[in-house]
Amino acid sequence: MHRQTSGYDAFISYSHQRDGALAEALGSELQRFARPWYRARALRVFRDQTNLAAAPELWPAIVQALEKSEWFVLMASPASAQSKWVQREIHWWAAHRATQRVLIALTDGDIRWNNGDFDWSRTDAVSRSLSGAFPHEPLWIDLRHIRPATADERPQLGDLVAEFAAPIHGRDKDALVGEHVRQQRRTRRLTRTVIAALTTLLVVASLLAVLAYNSRNQAVERQRMATSRFLASEALTVLDDRQDLAALLAVRAFSLERTDEAKSALLAVLQHTPTVQRFLRSEGPRVESVAISPTGDLVAAGDSDGGVSFFTNSGRQTVPRITAHDGMTWAVAFTPDGRSVASAGNDGVVRLWNPRAGTRLREFRHRDEAVQSLAFSPDGRWLAAGGSAKRRIDPGGETGRIKRYITIVDTRTWKSTVDLFGHTGEVTNLTFAPDGKKLYSGGGEARLIGWSVPSWKAMDETFLPYPPDAIAVNPRGDLVATTDIADGVATVWEIETGAVRARLRVSDDVVTSLVFAPDGEELKGGTMSSAIVAWRMRDLAAGPRTVARHITRGESGWPELAIARTGALVVGTGMGAVILHQPGDQSRLVLRHGRLCGTGALRKAISVHQHILASADASPGAAWQWDHCFKEKIDSLLPAEEKRLFSALSPDGRRLTTQATVFDLDRKRALFPWPKGVASMAFSNDGSMIAVAGENGAVLVHDARTGARLEHIPPQAPIKEELALQASLEVWDPHGPALLFSPGDDILVVADVKGPVRLWKVDRVLRTRDAAISHPLLGHGRVNALAFSPTEDLLATGGQDQKISLWTLPTGRRVASMAANGRIYSLAFSPDGRMLASASIDHDLWAVPSGRRLGRSFQVADRSSSDIRFAADGAVLMVMADEFDKEFHQVRTVATVDLDQQSWVAKACALANRELTVEEWRQYVDPTTRPRNLCQHAT
């Protein structure tokens with residue numbers, strides 16, 4: 001078959017109203033029948049879809065399509081026979097083309113052929129105008145039975161399409177049908193192949209996407225870890241200079257990724273200068289004066305720009321900073337009731353403020369020159385103000401007759417009562433004696449004047465070797481301390497005699513400010529290097545201890561100090577920071593409990609020597625107590641000769657064993673005795689077994705209820721190398737081998753007094769001689785402490801060599817070695833196995849399995865032996881320590897260590913009392929993003 005490239009294989013003529021759907025189905029089927037997979041259609045079919053009656057000018061286009069068509073397909077029906085357009089199309093074809101290329105599809109009505117023409121008596125599907133047009137009977141196919149059930153359903157032609165397609169293709173029908181079947185199969189195979197290929201590509205693409213996603217996540221994770229470690233490192237770098245910034249960097253590091261470095265930095269921040277309660281302000285104008293209310297609940301700070309700021313002790317600024325004076329604010333002072341604050345500055349004005357509302361209450365003009373010092377009398381009746389204002393006593397002009405004003409203001413009327421003249425130099429220091437009977441003044445000349453109250457007469461003068469930069473009177477009123485920045489010395493004077501009690505120095509530093517503690521037991525000072533130091537008044541010769549160091553970063557000025565009667569200390573620095581210190585040296589992490597007696601049932605207990613640490617049956621968080629009451633009950637059961645023997649307590653607290661006897665604490669009776677020569681004991685975790693080591697090195701395993709012997713482990717041969725290592729150590733241990741059952745009670749660890757550590761399998765069917773590890777663990781010389789990880793895959797050993805080792809199980813390979821400060825007394829894994837605590841002279845926390853020390857060492861008691869355990873949730877470490885007082889009496893200290901990491905974050909945020917600034921965020925965290933609130937929900 002030959003046709004024009006742009007022509008049609010068939011032209012379908014039909015009634016739009018009667019056969020539109022069937023014509024569309026026939027045209028579509030003809031285009032697909034026997035179509036090769038690589039062609040868009042098998043035949044090109046023209047089917048006019050336009051309502052020709054509505055657009056008669058389209059007839060030329062129809063004629064053009066007819067001219068290009070090879071076959072004419074007539075959809076015959078009475079409706080098409082009556083359609084003038086169908087008639088025009090068929091007449092054109094009969095006139096211009098051969099009728100042998102006409103195919104008739106009978107869709108309705110009837111067609112009959114008789115003697116060379118249609119039988120017009122019975123034919124109604126073809127127009128009579130075609131009479132005689134066909135020399136032979138035309139090919140017609142009956143489609144009358146094909147009608148869809150609904151208007152939206154597509155007619156199904158099936159194999160009838162071949163009747164039309166075969167002549168149009170010019171091929172035999174059977175051959176064409178076979179070709180169609182082959183093409184369908186080929187298409188299906190190709191489709192399946194394509195689908196399989198696409199599916200494979202989709203799977204590969206999905207896998208690649210997953211790999212890319214995982215790679216991206218891993219890259220993000222690595223980036224987060226790297227950033228976390230960097231911020232942790234930066235936190236430690238700035239810790240000495242900017243503890244508040246270090247706290248925020250450590251919090252950010254921890255929030256990004258809980259790396260060992262982030263945990264260590266967070267701990268180090270909290271362990272650093274533990275007296276610092278919080279930063280009330282981190283920076284600003286240089287602080288020239290500070291004051292704290294007597295109860296310690298409010299703080300005031302005056303600065304070099306004439307401002308005054310007020311803070312609560314919780315860290316909140318009550319009102320925005322107030323510009324109170326022209327020039328510097330030299331002095332601030334609280335009234336004794338703590339309700340008001342007086343401020344004074346370069347403008348010579350004294351103003352009284354409500355620190356909570358920021359409103360000005362009173363005002364008094366001293367003179368035209370600066371007021372540099374203020375002091376309220378203890379009863380609040382008088383306010384003393386001094387500074388640089390002067391009066392010429394001798395009109396003749398002798399310079400030595402120029403005196404400086406000290407003005408006494410009656411606070412009831414806020415008017416000047418009297419002016420005192422005694423100093424030729426500026427009056428920079430004023431302080432009332434604690435009993436209010438004397439006012440001390442000093443400043444720009446080398447003498448201290450005491451004024452009687454309320455006569456205001458100069459009672460005594462103390463001539464000093466230098467002008468005092470600071471004056472402090474102790475609470476008893478018998479001592480006064482002064483400083484001189486010229487030689488850096490602080491001097492303590494006896495007020496009554498004027499004798500020097502002590503001259504106090506700080507190595508390579510200058511004391512610039514002084515304040516006595518409320519109880520008079522300590523004298524605290526600020527130094528030119530921004531350190532805060534303290535001397536114990538009972539032992540001034542021992543020298544100062546450094547309480548804190550607040551670096552000024554090169555700014556001029558030094559710490560200003562003020563103290564409340566509660567002992568709270570406030571420090572103002574040259575960089576504008578205002579820092580609140582809590583009284584005492586209490587750690588942020590360690591809480592000492594002392595003697596506590598629990599009343600609830602025991603849940604857990606640990607024993608070392610004769611001391612019991614037990615958990616009371618109380619609400620979570622009230623948990624761990626050193627139960628002396630319980631201890632006394634135990635003592636009442638023990639014979640006198642056994643009270644000082646080494647003992648072990650079962651995990652449930654129901655049984656106690658000494659070196660002589662096993663006791664049932666519930667029934668308050670002895671169960672069975674031990675033979676002589678018992679050196680150490682250990683209960684299994686379920687309390688059903690007791691391992692007992694003899695002085696000869698043998699180990700016995702007994703039933704804890706009946707005392708029946710389950711197995712015997714004979715003494716093991718010593719190892720030469722371990723004996724040599726032990727000989728090089730100063731070994732001290734009054735007890736025998738260290739013993740420990742694994743968490744599942746299936747392994748017994750025996751740390752021989754001769755050095756080696758061996759692990760034995762524990763079989764409930766009386767077999768414990770099989771070694772759990774084929775070789776002993778060596779390298780300590782003598783092991784004092786043992787601990788299993790919760791999953792039993794790690795064993796920690798601590799020895800007389802002051803080292804801790806981590807061993808993998810069951811291989812027995814050492815994976816980490818850590819150096820501690822002194823011999824190891826106790827070890828404990830956290831419940832999640834990620835942390836190891838050790839007790840020696842100091843107490844340490846170690847990351848597992850890296851062995852990295854977390855934070856810094858902390859002390860619970862001075863050079864004491866102690867036993868340690870984690871609480872069940874891992875948030876608290878319990879410590880029971882033995883130490884000796886000055887009379888060498890044994891003192892038992894119980895403490896808890898806060899290991900709740902969210903608590904660490906909250907405490908670091910409370911310490912910093914702010915968020916990172918935009919500049920800090922861009923410098924340390926990310927220069928491209930906006931700062932995020934790190935502490936908004938932490939506290």
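Helix α6 meets helix α8 through S228, R229, A232, A235 and L236 on the α6 side and E261, A262, A265 and A268 on the α8 side, a contact being heavy atoms within 4.5 Å. The structure is a predicted model, in which local features need pLDDT of at least 70 and side-chain atom pairs count only at pLDDT 80 or more, while totals for chains, interfaces and linings use all residues. Residues are numbered from 1 along each chain as its sequence is written, and side-chain values use heavy atoms, with hydrogens and water left out. Helices (H or I, at least four residues) and strands (E, at least two) are DSSP runs numbered from the N terminus.

Two packed helices are described by the angle between their axes and the distance between the axes. For α6 and α8 the angle is about 25° and the axes are 8 Å apart; axes are lines fitted to C-alpha atoms, for helices over the stretch in contact, and angles run from 0 to 180 degrees between N-to-C directions. The two helices α6 and α8 are therefore roughly parallel. Angles under 35 degrees count as roughly parallel, over 145 as roughly antiparallel, 65 to 115 as roughly perpendicular and the rest as oblique. The crossing of α6 past α8 is left-handed, meaning that the near helix is turned anticlockwise from the far one by less than a right angle, clockwise being right-handed.

Helix α6 (residues 173-238) also packs on helix α7 (residues 243-256), where the axes come within 8 Å and cross at roughly 165°. The pair α6 and α7 is thus roughly antiparallel. The crossing of α6 past α7 is left-handed. On α6 this contact involves R224, T227, S228, L231, A232, E234, A235 and V238, and on α7 it involves Q243, L245, A246, L249, A250, R252, A253, S255 and L256.

T273 lies in the loop between α8 (260-271) and β8 (276-281). With a relative accessibility of 12%, T273 is buried; buried means under 20% relative accessible area, exposed over 50% and partly exposed in between (1.4 Å probe, protein chains only). Apart from neighbours within four places in sequence, T273 contacts Q243, V547, A548, R549 and R588. Q243 of α7 also takes part in the contact with α6.

T318 and R356 are separated by 38 residues in sequence, with their C-alpha atoms 5.5 Å apart.

The count of disulfides, defined as pairs of cysteine sulfur atoms within 2.5 Å, is 1. The disulfide joins C909 and C935, with 2.0 Å between the sulfur atoms. C909 belongs to helix α11 (residues 901-912) and C935 to the segment after α12 (918-925), so the link spans 26 residues and connects distant parts of the chain. The C909-C935 link is left-handed, with -75° about the S-S bond. Both cysteines are buried, C909 at 4% relative accessible area and C935 at 8% relative accessibility.

Over the protein chain, the secondary structure comprises 12 helices and 60 strands. Of its 939 residues, 54% are buried. Among contacts in the protein chain with a separation of 6 or more, 50% come from residues 24 or more positions apart.
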